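Here are a few exercises to work through with the model open beside you. Try each one before reading its solution.

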Amino acid sequence: MNHVLKHIVVFLFLALMAFAPTQSMAQDAEQPKKEKFDAKSFIFGHTGDSYCFHITEIKGEPVCVWLPVIVKCKDGGSWHCFSSKHICELKEGETFNHNGANFYIAPISADKYPGKLVEVKADGSLSRPFDISFTKNAFGIFLVCIFLLAFFLPAARKYKKDPMAQPTKYQGLVEWLTYTVLDGIIRPNVPEKQVKRFAPYLLTVFFFIFFANLFGLIPFFPFGANVTGNLSITLVLALLTYFFVNVFGNKHYWKDILWPDVPVFLKAIPLMPIIELISTITKPFALMVRLFANILAGHIVIMVLMALIFIIGGMYGAGMGGVMSIVSIFMSVFMTALELLVAYIQAYVFTILSSLFIGMAQHEPEHE
Amino acid sequence: MELFLPESGLVIWMLIGFLIVFFILAKVGWPMIMGAVEQRNAHISESLLAAEEANNALAGIEQKRQETMAAAQAEQIKIMKESQDLKTQLIEEAKIQARKEAEKIVTDARLKIEKEQAEAMAQIKNEVIALSVDIAEKLLQRELSDKQSQTDYIEQLLKNNTTRIEA
């Protein structure tokens with residue numbers, strides 16, 4: 001019975017598809033073209049950073065959380081701080097004047113500074129001010145930070161108050177999460193003596209990435225900021241790993257970099273030390289790009305699947321768009337499920353490689 | 001391409017946010033959780049060890065009790081056996097004693113009888129001697145001419161005396 005039903009549904013879809021194009025063509029001929037769906041700005045608007053947190057639209061009016069814009073103009077300019085409401089609601093060609101400086105957000109399709117706040121100088125030239133605006137991603141970062149503190153600190157306080165008390169279910173969850181990372185990722189890679197020293201960083205990194213990934217998948221306010229799919233954020237994480245690897249690296253680690261066990265002519269040039277030094281940079285660089293690219297790619301795929309509905313709908317009409325929406329929703333449910341897996345895997349990979357690099361820099365040679 | 005360039009503003013916010021969380025959690029978060037869990041782990045393994053030791057001790061006590069019980073039973077059996085032996089021995093000894101006593105009594109009696117017999121014999125001898133002397137005295141007093149009458153007389157005397165002895 002189910003089988004028959006499935007065939008009927010498929011048949012109906014196919015029938016709809018057959019009629020859809022002709023219908024839309026007829027409509028197109030009658031009406032002037034409505035504003036075209038801009039897939040690029042749709043996708044990159046959602047995966048990229050933004051000065052305001054767009055929640056939804058009610059009757060054509062955007063409902064946003066206006067975040068503060070904090071900029072310092074170039075060439076000895078002054079500091080400017082204002083609500084992003086002023087610049088997000090600008091029409092095309094308008095600028096916002098704040099204390100004598102004119103600002104607007106370059107459109108995503110612009111060649112220079114797309115999607116960024118730019119200052120329009122008096123002579124009409126554009127300049128990008130030093131921008132430390134509290135953007136959507138900054139909001140996302142602090143959301144994750146507050147969540148981490150709110151999730152782990154109460155447990156820590158309970159443990160501090162009475163370490164031998166029977167743990168609550170919540171403490172059990174915290175313990176399980178902590179020890180999954182500690183015993184599964186950190187202990188196998190970092191020498192036992194150094195675990196206490198590096199575990200705080202590695203645990204924080206893991207849970208930051210993991211929850212940032214998960215929050216990125218939740219599509220409504222206050223979640224949905226593409227935090228870990230942003231290069232600035234993965235750059236900071238990679239730099240911190242670089243710092244922990246190299247600053248705490250032991251004598252043996254530095255000896256291997258600066259004076260490795262190779263023929264003298266290779267290190268006197270000094271070819272090998274340069275290669276080794278570059279390799280210390282490429283490792284965190286790979287970490288940075290891997291996390292960024294994986295999360296961004298996942299978000300883009302989901303956004304593309306969503307955009308496909310409107311692209312197809314725009315090309316072949318609403319009927320075809322409706323068919324596409326069913327396909328797209330199935331696909332994006334699948335993709336979101338996959339992204340859940342990726343959220344864990346990427347946090348895992350970043351942490352395991354960080355602990356591996358840290359562990360390698362702590363490795364003591366065996367004495368013969 | 002903008003997507004692939006880090007934003008200075010976001011880098012700064014990320015550094016601030018992440019480092020604050022890192023320092024707070026490194027100070028009052030992870031060490032507490034790890035410390036408490038490790039402390040509890042140590043406590044649990046210690047307790048398990050102690051429980052096992054107590055169990056072993058208990059098993060030792062049980063074994064000792066059984067050993068003591070077995071020893072007491074063995075002792076009981078031994079004592080009973082000893083007393084049995086003692087009893088038999090006592091009875092045996094008593095029997096021997098009694099037999100000895102009886103033998104002694106019998107011997108004494110025999111000795112006494114023999115002595116009395118000897119005394120009686122001696123008395124009889126004395127009587128016979130006295131009789132013979134008496135007879136001889138009487139014979140001597142009579143004048144014996146006739147051999148026949150002499151013999152008759154002796155026989156008469158003997159007869160008289162014999163009846164006297166027999167009496």
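**Exercise 1.** At roughly what angle do the axes of α7(A) and helix α11 (residues 318-361) of chain A cross?

*Solution.* A word on the source: this is a predicted model, in which local features need pLDDT of at least 70 and side-chain atom pairs count only at pLDDT 80 or more, while totals for chains, interfaces and linings use all residues. Residues are numbered from 1 along each chain as its sequence is written, with chains lettered from A and ligands numbered from 1 in the order in which they are written.

Step 1: the two axes cross at roughly 20° and come within 8 Å. Axes here are lines fitted to C-alpha atoms over the stretch in contact, with angles from 0 to 180 degrees between N-to-C directions.
Step 2: α7(A) is therefore roughly parallel to α11(A), a label for angles under 35 degrees.
Step 3: from α7(A), the contact includes L237(A) and F244(A); from α11(A), F350(A) and F357(A) are among the residues. Contact means C-beta atoms, placed from the backbone, within 7 Å.

**Exercise 2.** In which order do the four strands of the open sheet in chain A lie?

*Solution.* Step 1: the order is β5-β6-β7-β8, with antiparallel pairing. Strands are DSSP E runs of at least two residues, and helices are H or I runs of at least four; pairing takes at least two bridges.
Step 2: β5 (96-98) and β8 (126-127) are the edge strands, each pairing on one side only.
Step 3: β6 (residues 101-105) and β7 (residues 117-120) are joined by four bridges, and N102(A) has V120(A) as its bridge partner.

**Exercise 3.** How many residues does each chain bring to the contact?

*Solution.* Chain A brings 41 residues and chain B 34 residues. On the chain A side, α4(A) gives the most, with 13 residues.

How values were computed: Two residues are in contact if their C-beta atoms, placed from the backbone, lie within 7 Å. Angles under 35 degrees count as roughly parallel, over 145 as roughly antiparallel, 65 to 115 as roughly perpendicular and the rest as oblique.
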